[in-house]
Amino acid sequence: MKVALITGITGQDGSYLADFLLEKGYKVHGLRRYSSTNPIKNLQHILINKKINKNFFLHYADVTDTDSIFRVIKDVKPIEIYNLAAQSHVHASFQVPEYTAQVDAVSQLRIIEVVKQINPKIKIYQAATSELYGNSNKKIQNEMTSFAPISPYSVAKLYGYHISKVYREAYGMFITNGILFNHESPRRGPTFVTKKITAGIKQIINGKQTHIKLGNLNSKRDWGYAKEYVESMWLMLQQKKPSDFVIATGQVYSVRNFVEEAFKYVNIKIKWKGKGLKEVGINSKSNKVLVKIDPYFLRPNELHYLKGDYSKSKKILGWKPKVKFKELVKIMMENELIE
Ligand code: NAP
Ligand code: G4F
């Protein structure tokens with residue numbers, strides 16, 4: 001039986017990847033860190049399912065703690081490691097930049113070094129990101145586009161990207177960087193903009209909140225569906241040679257578009273009024289203000305536009321996105337309202 005280890009298994013991608021690998025017949029091990037609360041909501045469905053939970057194991061460890069990583073990798077003996085653990089919030093990375101560097105940059109080095117010592121044949125997936133491109137002058141970004149990171153998060157991820165390449169080239173290790181563009185789902189963390197919008201709409205519908213406070217409505221992202229993006233991580237590790245791959249939809253929508261589409265799901269048409277910090281989104285029938293701008297959510301540096309070219313992944317991995325923007329919003333809203 002194939003054995004995989006996932007760091008960041010409690011997060012959005014980690015939980016979908018666990019579902020995917022269990023379905024493929026893998027024994028799945030995951031790192032969880034100590035917490036005073038209970039951050040395993042995304043894994044509950046696995047833990048309570050007796051058919052699959054016999055192949056599922058969680059280990060207390062932390063990617064900033066080399067000994068714990070060493071212990072788990074030595075005990076578990078994985079053939080594949082998916083390093084998804086991260087302080088993954090761009091805005092938060094401006095508030096905790098040093099911590100972000102420890103988790104998002106140095107931890108990849110820790111894992112690679114431990115693998116090099118225990119068994120350099122273990123294949124490693126590194127969660128790189130489209131944030132690496134920064135405000136690129138290319139209208140569409142691919143594996144050849146230069147990086148120009150603009151946040152502590154993306155600078156840390158740039159280290160993770162390069163150290164992976166260095167060990168690949170210097171020691172012949174199988175390490176691949178997945179340059180994934182934004183991907184969302186009902187399991188997205190509550191402070192990311194898409195989940196914040198869908199959860200906010202639910203609160204408004206239930207009369208528990210009057211409006212949603214947002215930052216920059218005009219920034220544009222290439223938004224895909226997390227559940228289908230995790231397959232690409234696995235495909236990358238099944239190749240003969242390690243390489244780096246862009247995973248994206250090739251379509252771009254703004255935060256404003258997301259707000260409009262999500263409200264449309266509950267039959268509310270949003271009209272926009274005012275400018276800058278005074279701009280508001282109004283229910284076009286009732287004239288109630290449903291969206292306001294809160295400067296707290298503006299970033300010291302904003303990445304305005306991302307659009308990914310996934311043609312290399314399509315050609316080599318045979319991967320292409322099926323769920324596009326409108327379908328993604330529908331999946332998230334549908335789930336929000338039945339939860
Ligand atoms: P996420 O939901 O924020 O999950 C992050 C995971 O990392 C959580 O399981 C978290 O555990 C864990 N973690 C954080 N610090 C840790 C530490 N010190 N030790 C061990 N585990 C730690 O992120 P995601 O959206 O699934 O993304 C997965 C990866 O892909 C991340 O590396 C992210 O940066 C990258 N990425 C994401 C996107 C996207 O659009 N989603 C795009 C490109 C790249 P807790 O539950 O305990 O907090
Ligand atoms: O949802 P976001 O926080 O995602 P962001 O910054 O694009 O980062 C995500 O995608 C990256 C891949 O490109 C990952 F590497 C990273 O780990 C993470 O998963 O913000 C999206 C956009 C930004 O332009 C932000 O300024 O939405 C804008 N925004 C507007 N109002 C907001 C808000 N973002 C958040 N989080 N909260 C708001 O209230």
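What follows is a short exchange about a predicted model with two ligands.

Biologist: Where is R221 found?

Modeller: R221 sits in strand β9, residues 220-221.

Biologist: What makes the pair of R221 and L303 a polar contact?

Modeller: A polar atom of the R221 side chain lies 2.9 Å from the backbone oxygen of L303. The cut-off is 3.5 Å between N or O atoms. The pair therefore qualifies.

Biologist: Which residues does R221 touch, leaving out those up to four places away in sequence?

Modeller: Among them are E131, N182, Q251, R299, E302 and L303. The list also includes V252, Y253, H304, Y305 and L306.

Biologist: Now ligand 2. How many residues surround ligand 2, and which are the closest?

Modeller: There are 24 residues around ligand 2. The closest are T129, K196, S219, R299 and E302.

Biologist: How much of ligand 2 does the protein bury?

Modeller: Ligand 2 alone exposes 710 Å², and the protein buries 96% of that.

Biologist: Which elements supply at least two residues each to the shell around ligand 2?

Modeller: α8 (193-205) and β8 (212-214) each do. By class, that shell holds eight nonpolar, nine polar and seven charged residues.

Biologist: On to ligand 1. How many residues surround ligand 1?

Modeller: The count is 26, with T10, R33, D62, S88 and Y153 the closest.

Biologist: What makes the pairs at D13, K157 and H183 polar contacts with ligand 1?

Modeller: The limit is again 3.5 Å. A backbone N or O atom of D13 lies 2.8 Å from a ligand 1 oxygen. K157 has a polar side-chain atom 2.8 Å from a ligand 1 oxygen. A backbone N or O atom of H183 is 2.9 Å from a ligand 1 oxygen. These pairs therefore fall within the limit. The protein covers 89% of the 900 Å² of accessible area that ligand 1 has on its own.

Biologist: Which elements give two or more residues to the shell around ligand 1?

Modeller: They are α1 (12-23), α6 (97-118), β5 (123-129) and α7 (152-171). β5 gives the most, with three residues. The shell has 13 nonpolar, eight polar and five charged residues.

Biologist: Last, helix α4. Which of its residues are buried?

Modeller: In α4, residues 66-76, they are S68, I69, V72, I73 and V76.

Biologist: How do you know that the buried residues of α4 line one face?

Modeller: Look down the helix axis. The buried residues of α4 fall within an arc of 125 degrees, so they line one face. What covers them includes β1 (3-7), β2 (27-32), β3 (56-60), β4 (80-83) and α6.

Biologist: What does the face of α4 turned away from its buried side carry?

Modeller: That face carries the exposed residues D67 and D75. Exposed means over 50% relative accessible area.

How values were computed. Residues are numbered from 1 along each chain as its sequence is written. Chains are lettered from A and ligands numbered from 1 in the order in which they are written. This is a predicted model: local features need pLDDT of at least 70, side-chain atom pairs count only at pLDDT 80 or more; totals for chains, interfaces and linings use all residues. Side-chain values use heavy atoms; hydrogens and water are left out. A residue is near a molecule or strand if one of its heavy atoms lies within 4 Å of it. A polar contact is a pair of N or O atoms within 3.5 Å; within protein, one must be able to donate a hydrogen and the other to accept it, and residues adjacent in sequence count only if both atoms are side-chain atoms. Accessible areas come from the Shrake-Rupley method with a 1.4 Å probe; for residues, only the protein chains shown count as cover. Helices (H or I, at least four residues) and strands (E, at least two) are DSSP runs, numbered from the N terminus. Ala, Val, Leu, Ile, Met, Phe, Trp, Tyr, Cys and Pro count as nonpolar, Asp, Glu, Lys and Arg as charged, and the others, Gly among them, as polar. Buried means under 20% relative accessible area, exposed over 50%, partly exposed in between (1.4 Å probe, protein chains only). The arc is that of the directions from the helix axis to the C-beta atoms. Contact means heavy atoms within 4.5 Å.
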